Amino acid sequence: MNGILCMNKPQDFTSFDVIGKLRGILHMKRLGHTGTLDPMATGVLPILVGTATKACDILPNQDKTYQATVVFGKATDTLDIWGKPLQDYPEQHVTEAALRAILPEFLGDITQLPPMYSAVSVNGKRLYELARKGETVERPTRTVHIDAITLDAFDETQQTATLTVSCGKGTYIRTLLSDIGQRLGGDAVMTALTRTAACGYPLQDCLTFEQVTAAMADGTLEEHLLPTDSLFSSYPKLRLNAAQERMFCNGVKLDLKRLRDLQPDQDIYTVYGATGTFLGTALADRTQQELRIGKRF
């Protein structure tokens, strides 16, 4: 089996836990994922199956969308409701108008400090390993990109809100919510998180463990796998003739002048054979006037 298996990750599972359980269900080891999802979070976790694991390091679309709930006036060591309480802010009172007013400040490129309870490595150590020992270390800030933040619901009495966030790779939603809370005169902690889209795949494309198990039992799981080339849908398609296909599959660089689908303003392509079979990705080297193989599938 080869392709993309979109999983609806349950709470209390790490991304690696999902891989481990699927290896038992699918009876195969060649599995990978497109990016970690916090254990307490649920939602979209695209799993790379078989030859699709080759795509791990070349994913063009790593944008994600989350729906998060937050409560204002609290702080914990993990930045979420499951952490150790650090401080309450009884004087903090957030209004819907105040929250809406500051959300635009968090759009675009912003700077985040990764939380101590995270998988980021500092000096060869995972931050969460140090945090569990009670240690706090200096860690570098990172620039992340927030495309959109939508306020879905707000309860002024309970001081809670539900937000939908569309963002780029490496964004910590817990950190974002805490930073928003601090901007509003106190702090905030995340109380729930669902990833509703990742790498272009929506939640409705996802299966549960129970559904995967049932599909394996009746022999229909491959029907639920999305094609590997769907990962690269943002790239233009390049169709080769039979002779070019043989050369490409043998690692031969192709003359750009002989490629009919080449576009003047595009450099990276998904490549297909004469019968429409997905072959891999390629780079158009304008200097050498040749098509170089990116990754063969």
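1. A word on terms before we start: contact here means heavy atoms within 4.5 Å, and angles run from 0 to 180 degrees between N-to-C directions. Keep in mind, too, that this is a predicted model.

2. With that settled, take helix α7, residues 242-249. It lies across β15, β16 (268-272), β17 (278-285) and β18. Against β17, the helix runs at about 85 degrees.

3. Now the sheet itself. It is open, has 5 strands with mixed pairing, and reads β14-β16-β17-β18-β15 in order. At the edges sit β14 (237-239) and β15 (254-255), each of which pairs on one side only.

4. Asp 255 stands opposite Glu 290 of β18.

5. Moving on to the second largest pocket, I'd note a volume of about 210 Å³. There are 15 residues in its lining, and those closest to the pocket centre are Thr 76, Asp 77, Leu 79, Arg 139 and Ser 178.

6. Which elements give two or more residues to the lining of that second largest pocket? They are β5 (74-76) and α4 (173-183). Helix α4 gives the most, with 4 residues.

Methods: Residues numbered from 1 in each chain as written. Predicted model: local features only at pLDDT ≥ 70, side-chain atom pairs only at ≥ 80, totals over all residues. Heavy atoms only, no water. Pairing = 2+ DSSP bridges. 1 Å grid on protein atoms, 1.4 Å probe; cavity = no way out; pocket = protein on both sides within 12 Å on 5 of 7 lines; lining within 4 Å. Points joined across faces, edges and corners; volume = space filled by probe spheres on them.
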